[in-house]
2 protein chains.
Amino acid sequence: MKIDISYGSGGKQTSSLINDIFLKNFDNEVLNKLEDAAVLDVKNRIAYTTDSFVVTPMFFKGGNIGKLAICGTVNDLSMMGARPRYLTAGFIIEAGADSEMIDQIAHTMRVTAEEAGVKIVAGDTKVIEGNGNVYINTSGVGEILKEGISIQNCHPGDMILLSGNLGEHHAAIMSERMGIENNIASDCAPLFSIVSDLLENDIEIRCMRDVTRGGLATVLNEVSESSKCRVEIEEEALPVSDEVKGFCNILGLDPLYMANEGKMIAVIPGEQSQKAVEVMRKNKYGSHATIIGKITEGNGVNMTTALGGNRMIDILYGEGLPRIC
Amino acid sequence: MKIDISYGSGGKQTSSLINDIFLKNFDNEVLNKLEDAAVLDVKNRIAYTTDSFVVTPMFFKGGNIGKLAICGTVNDLSMMGARPRYLTAGFIIEAGADSEMIDQIAHTMRVTAEEAGVKIVAGDTKVIEGNGNVYINTSGVGEILKEGISIQNCHPGDMILLSGNLGEHHAAIMSERMGIENNIASDCAPLFSIVSDLLENDIEIRCMRDVTRGGLATVLNEVSESSKCRVEIEEEALPVSDEVKGFCNILGLDPLYMANEGKMIAVIPGEQSQKAVEVMRKNKYGSHATIIGKITEGNGVNMTTALGGNRMIDILYGEGLPRIC
């Protein structure tokens, strides 16, 4: 069934959309009350964040926009040392969208939310004119398990860990857009279990960031700027799968700037960094974890290239690939 | 300056958009840290909600989409007996939007957030192809001041209060769309101060709802359904300004179904209802507050018309006026 503009009126059609798709899939005792706001218990201090998802195409190898919308927000909470607990979901639906497709997206959100241990406790639906696209905003609340994890907190001597291969989400979306057949799937995944493994193993974490839009280059520049330090990485240490490497070579892409949706960096004091890598590697989302560099005095991001040269790594300038996450 | 698609890349242009517009306007110590999530202290249990705003036109008499985006979410929290504390803001910007217009929207959000006593602590910006529209999602966290306020909580003998005149937001938007010159301004306003006044005066509140998309008819049907009771209202008691009445007569509109953005109902035990009206009327956003009806045994929503007849009031069916809030 095609959604038309009347589904945004707030009347009967809006109700049917909410009941038949969102309540059916997200079903939980808080959401089902349909109050103006969810009432929740939280322990400790909270982490609180939001992200909007506009990816095109909405379905791709390894996931869909709904999986991204859960993972993106859950990962932002996790990076602050918080256990993700509650999400809200706001849907902006363009007229012409198919209700079965929305149902499929909502179903994926439910499954991913269950894996990530979060409940969708409040939602909103709007319908606008358009071509059948769906945009999703999620916000999330988590309970802080460990205080003091911060992008301002990195020190010379810390090591930089990356949880796995770069560029898979970006390459999967581009392949889909360009009709290229390959086996590259988006790495889209909820990362709280890696964070929880690190904390349970008493690893001291200075800072964590998921490596999304803007790629590793952007994240490392944010670390350098916020912690007022220099970031030194080794090109040869950067993990990239052979298939993504091949894809990048053909299209002239740089994995440093490519978006990921299931990868994170962790900055860890030098003496604990090897243990941290081992912990990460035992997690199914961290099996290719590796140390990619270190924090030193100074500023900027420097990469020692495979040929032994040095290259300053700036943040992305220009288009990159919009609407990829 | 026109925003183009490169502003959504996550690179330098995205940074400049965030710094020059959002951080400049929303400036506070939590947001400025630019962590993946805000870390916050909360007292008590929390209320948590979300809403997206897609109104067209984005500017209208009495406000703009930014004012709506703050008030809508703040009001949803307030209706649960919560003090609004923190908001997130997610912007989906269509290419072609003017950066000065976005700056103006963000400025209004800042001013309205200050009045409502909330801080915008996390945000997100995406850019999509399109015609220069801006869509805003806000989510909000509040601290519950009074437990047990719920749409499931109304009892026979309770009275239904409405905080003021109906239809003003809807009529203002329609006037703007149709190029009709008049003095009707949107009623868009943050309502927490009314709630706070009621609580401070020891009024027992069964249920509150802001009267937005779908209008009073929809809200009263939700009360009837959730509390398993009958709602009886008096047509003659419904407050509508002369100017909105005239507007509705010409266009054949029914104020019962028109959207408001600064009006609420409160369901109050009979013996306290007169006192509650007096408290509301002392608040600048409740000066036209009045009792519009009562809760009885049964189901559905019945209106005694001005001519003494009876009319069952159903929820909106069909288009209404999409994209109005």
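Student: Where in chain A is A:L34 placed?
Tutor: This model is predicted. Phi of A:L34 is near 55°, a positive value in a residue other than glycine. Most residues other than glycine have a negative phi. As for its place, A:L34 sits in the loop between helix 1 (12–26) and strand 1 (38–40) of chain A.

Student: What is omega for the bond that joins B:T56 and B:P57?
Tutor: In chain B, B:P57 lies in the loop between strand 2 (46–53) and strand 3 (59–60). The peptide bond between B:T56 and B:P57 is cis, and its omega is about 0°.

Student: How does the radius of gyration of chain A stand against the globule rule?
Tutor: Chain A has eight helices and 14 strands. For 325 residues the globule rule gives 20 Å, and the radius of gyration of chain A is close to that, so chain A is as compact as a globular protein of that length. The radius of gyration of chain A is 20 Å.

Student: What does the C-alpha trace of chain A span along its principal axes?
Tutor: Take the principal axes of chain A one after another. The C-alpha trace spans about 65 × 50 × 30 Å.

Student: Which strands stand at the edges of the open sheet of five strands?
Tutor: The order of this sheet is 6(A)-5(A)-7(A)-2(A)-1(B), and the pairing is mixed.

Student: What is the bridge partner of A:A47 in strand 1 of chain B?
Tutor: Strands of a sheet pair through backbone hydrogen bonds, either parallel or antiparallel. Strand 2 of chain A and strand 1 of chain B pair in the antiparallel sense, over three bridges. In that strand of chain B, A:A47 has as its partner B:V39.

Student: At what angle does helix 3 of chain A run to strand 7 of chain A?
Tutor: Helix 3 (residues 99–116) of chain A lies across strand 5 (82–94), strand 6 and strand 7 (134–144) of chain A. Its angle to strand 7 of chain A is about 15°.

Student: Are helix 2 and helix 3 of chain A roughly parallel or oblique to each other?
Tutor: Helix 2 (residues 65–78) of chain A packs on helix 3 of chain A at about 30°, with the axes 7 Å apart. Angles under 35 degrees count as roughly parallel. Helix 2 of chain A and helix 3 of chain A are therefore roughly parallel.

Student: How do the residues of that contact of helix 2 with helix 3 of chain A divide by class?
Tutor: The crossing of these two helices is right-handed. Among the residues that make the contact are A:I65 and A:V74 of helix 2 of chain A, and A:I105 and A:A116 of helix 3 of chain A. The contact divides into nine nonpolar, three polar and one charged.

Student: Are helix 5 and helix 8 of chain A oblique or roughly parallel to each other?
Tutor: The axes of helix 5 (residues 192–200) and helix 8 (residues 270–282) of chain A come within 9 Å and cross at roughly 135°. The contact is made by A:I194, A:D197 and A:L198 of helix 5 of chain A and A:A276, A:V279 and A:M280 of helix 8 of chain A. Helix 5 and helix 8 of chain A are therefore oblique.

Student: Which residue in the hairpin of strand 13 and strand 14 of chain A takes a positive phi?
Tutor: Strand 13 (residues 301–304) of chain A runs parallel to strand 10 (residues 230–234) of chain A, joined by four bridges. With strand 14 (residues 310–312) of chain A, strand 13 of chain A pairs in the antiparallel sense over three bridges. The hairpin has five residues between the strands, and the one with phi near 90° is A:G308.

Technical notes: Residues numbered from 1 in each chain as written. Chains lettered and ligands numbered in written order. Predicted model: local features only at pLDDT ≥ 70, side-chain atom pairs only at ≥ 80, totals over all residues. Heavy atoms only, no water. Axes fitted to C-alpha atoms, helices over the stretch in contact; angles between N-to-C directions. Parallel < 35°, antiparallel > 145°, perpendicular 65-115°, else oblique. Contact = heavy atoms within 4.5 Å. Pairing = 2+ DSSP bridges. Rg over C-alpha atoms; globule rule 2.2 N^0.38 Å. Left-handed = near helix turned anticlockwise from the far one by under 90°. Nonpolar A, V, L, I, M, F, W, Y, C, P; charged D, E, K, R; others polar.
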